[in-house]
Amino acid sequence: MEKRAVWAIIVIVGAVFLTMHAGHIGAVVSGAKTPTPVVQIAGTGSQSQSGSAGIPGAGKEGVVETFTLTASGGQYDPAVIRVKQGTTIRIEGDPKTLSGCMAVVNIGGDYRISKLISREDNVIEFIADKTGTFPMYCDMGIGNGKLLVE
Ligand SMILES: [Cu+2]
């Protein structure tokens, strides 16, 4: 391959990478502001009784807590989603701020959730049936979120 062609590929790949991870690079440039502490405390999320009685493992049967997930500077907000075991968690992702690799929301550990948030499909819903602290991160392994199930 011609040298010029090789350089063109390097430049294109670099540009794509920068676009994908603009949020993170922005965070690094702006001095990576310290993550906000616990924003969501159990009970402050909008709670509603749904008709979903009889959910397997439900401790707080039928309780649905809804969280709106946004991102800025490579950090998810709320940084911590905290619920009681058995709660149905409904995460409504904001497609405007969840862009690039931040659009892929992963919840690790035993939950193994991975979801691409889009305008058409922005909801992650599951039952918090396992207790513990689980990392919530983007497709690049950043985002610094946490799911706390007590
Ligand atoms: Cu990312």
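**Where to start**

In strand β9, methionine 136 is the bridge partner of isoleucine 107. Strands here, like helices, are DSSP runs numbered from the N terminus (E, at least two residues, for strands; H or I, at least four, for helices). This is a predicted model, where local features need pLDDT of at least 70 and side-chain atom pairs count only at pLDDT 80 or more, while totals for chains, interfaces and linings use all residues. Residue numbers start from 1 along each chain, as its sequence is written.

**The sheet around β9**

- Strand β6 (residues 104-107) and strand β9 (residues 132-137) run antiparallel, joined by two bridges. Two strands count as paired if DSSP finds at least two bridges between them.
- β9 also pairs with strand β10 (residues 145-149), again in the antiparallel sense, over five bridges.
- Methionine 136 turns up here too, standing opposite glycine 145 in β10.
- Zoom out and you get an open sheet of five strands with mixed pairing, in the order β4-β10-β9-β6-β7.
- The edges belong to β4 and β7, and each has a single partner strand, so one side of each has no neighbour in the sheet.
- On average, neighbouring strands of this sheet are turned by 15° against each other, direction ignored (the axes are lines fitted to C-alpha atoms, for helices over the stretch in contact, and angles run from 0 to 180 degrees between N-to-C directions).

- Phenylalanine 126 sits in strand β8 (residues 123-127).
- Why is phenylalanine 126 called partly exposed? Because 15 other C-beta atoms lie within 10 Å, and the label covers the range between buried (20 or more other C-beta atoms within 10 Å of a residue's own) and exposed (12 or fewer), with C-beta atoms placed from the backbone.
- Setting aside neighbours within four places in sequence, phenylalanine 126 is in contact with Ile89, Tyr111 and Ile113. Contact means that the C-beta atoms of two residues, placed from the backbone, lie within 7 Å.
- Tyrosine 111 is 15 residues from phenylalanine 126 in sequence, and their C-alpha atoms are 9.1 Å apart in space.

- Aspartate 77 and proline 78 are joined by a cis peptide bond, with omega about 5°. Proline 78 belongs to the loop between β3 (75-77) and β4 (80-83).
- Arginine 112, in the loop between β6 and β7 (113-116), has a positive phi near 45° although this residue is not glycine. Arginine 112 counts as exposed because it has 9 C-beta neighbours inside 10 Å.
- Asparagine 144, in the loop between β9 and β10, is another residue other than glycine with a positive phi, near 55°. With 18 other C-beta atoms within 10 Å, asparagine 144 is partly exposed.

- The chain has two helices and 10 strands, and from the N terminus the elements run α-α-β-β-β-β-β-β-β-β-β-β.
- Of the 150 residues, 26% are buried.
- Among contacts between residues at least 6 apart in sequence, 69% join residues at least 24 apart.
- The average pLDDT (the predictor's confidence in each residue, from 0 to 100) is 78, and 61% of the residues score at least 70.
- Over residues 26-60 the pLDDT is below 50, and this stretch has 56 contacts in the model beyond near neighbours in sequence.
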